Amino acid sequence: MQPVIITAALVGAEVTREQTPFLPISPDEIALEAERAWQAGAAVVHLHVREADGRPSQRAELFDEALRKIRARCDVITQVSTGGALGMSVEERCGPLAVTPPPEMATLNAGSCNFGDEVFMNPRGAIEEIARRIRARGIVPEVEVYEVGMVDNALELVRAGLLKLPCHFDFVLGVRGSMAARAENLRFLAGSIPPDCHWTVAGVGRHEFPMVEEALSLGGHVRVGLEDNIYMEKGVLAKGSFELVEKAAELARARGRDVATVTEARKILGIKSI
Ligand code: KMH
Ligand code: ZN
């Protein structure tokens, strides 16, 4: 089996300092967390940024500062969010795509879904516009899938020439209101994508590590981090995403999967080396 790419989702848009004091907020804190996650085995960092008061933000200036500080510390693959926070406009969500030099990867959310008590809006026009902008900057997309029809939405983008095969999917399972984090759901999604495409799984909350274990045995890749889950085990906060990465790396090795280096991850994901 391929070495497993570990993505660390360091910040997110929903987690608060009240929930965990270990959430990085400033660009300096985010860069330090990125370095710690990289040292623990993460090849990719999935990034959101926050205003100084902790509010979620998609401002290019904040992403620019965080990306520069990350690059000064380590050679990890940077993946920016174009999902942002619920209720943001497409224009606002595309803020990080304007940064120069651009990040290596960006997310592309492939459809609308219930998200907790709200709705995460990704109508066709918005998906196409974000895909166009990602492509225009030569950034490698990661297709975010929360519901089964979203794989088909992505395949429509392929037919429209907005997405190139093979591509990389992230199955986000366990968001309340969307597809549950069940092994059979993951197996179904993994079997639904075209051959040569690759996938990772992000299990939300207590589903994070059960989904990691399932992905490890299916040959997929894994995402962990405070964006998705703040606990190491029931009642024990992770001291940062790096602890969750360490645990994922240990599980991988125990199952005979090597942890992908950044160079290996770039090759698998089709990212030109920088
Ligand atoms: N914050 C969620 C509403 C992404 O990064 O692309 C969307 C999200 C997905 O986090
Ligand atoms: Zn995100």
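**Exercise 1. Two packed helices**

Which residues of α7 meet which residues of α8, and how do the two helices cross in this predicted model?

*Solution.* 

Step 1. List the contact residues. From α7 come E208, F209, V212, E213 and L216, and they meet L244, K247, A248, L251 and A252 of α8.

Step 2. Sort these residues by class. The contact of α7 with α8 has 7 nonpolar and 3 charged residues, and no polar ones.

Step 3. Describe the geometry. Two packed helices are described by the angle between their axes and by the distance between those axes. Here α7 covers residues 208–218 and α8 covers residues 241–254. Their angle is about 35 degrees, and their axes are 10 Å apart.

Step 4. The crossing of α7 and α8 is right-handed.

**Exercise 2. The surroundings of ligand 1**

How many residues surround ligand 1, and which polar atoms of H48, G83 and E227 lie at what distance from its oxygen atoms?

*Solution.* 

Step 1. Count the shell. Ligand 1 is surrounded by 14 residues, and the closest are E14, S81, G84, T107 and N109.

Step 2. Divide the shell by class. Around ligand 1 there are 5 nonpolar, 7 polar and 2 charged residues.

Step 3. Go through the polar contacts, for which the cut-off is 3.5 Å between N or O atoms.

- H48: an N or O atom in the side chain is 3.1 Å from an oxygen atom of ligand 1.
- G83: a polar backbone atom is 3.3 Å from an oxygen atom of ligand 1.
- E227: a polar side-chain atom is 3.1 Å from an oxygen atom of ligand 1.

Step 4. Check the cover. On its own, ligand 1 has 300 Å² of accessible area, and the protein covers 98% of that.

**Exercise 3. Backbone exceptions**

Is the peptide bond from T100 to P101 cis or trans? Is the one from L165 to P166 cis or trans? What is the phi of D196?

*Solution.* 

Step 1. Most peptide bonds are trans, and most residues other than glycine have a negative phi.

Step 2. Take T100 to P101. This bond is cis, with omega near -10 degrees. P101 sits in the loop that lies between α3 (90–93) and β6 (105–109).

Step 3. Take L165 to P166. This bond is cis, with omega near -5 degrees. The loop that holds P166 lies between α5 (149–159) and β10 (168–173).

Step 4. Take D196. Its phi is positive, about 80 degrees, although D196 is not a glycine. D196 belongs to the loop between α6 (183–190) and β11 (198–203).

Note on methods:
Residues numbered from 1 in each chain as written. Chains lettered and ligands numbered in written order. Predicted model: local features only at pLDDT ≥ 70, side-chain atom pairs only at ≥ 80, totals over all residues. Heavy atoms only, no water. Near = heavy atom within 4 Å. Polar contact = N/O pair within 3.5 Å; in protein donor to acceptor, adjacent residues only side chain to side chain. Areas by Shrake-Rupley, 256 points an atom, 1.4 Å probe, with all protein chains shown as cover. Nonpolar A, V, L, I, M, F, W, Y, C, P; charged D, E, K, R; others polar. Axes fitted to C-alpha atoms, helices over the stretch in contact; angles between N-to-C directions. Helix = DSSP H or I, 4+ residues; strand = E, 2+ residues; numbered from the N terminus. Left-handed = near helix turned anticlockwise from the far one by under 90°. Contact = heavy atoms within 4.5 Å.
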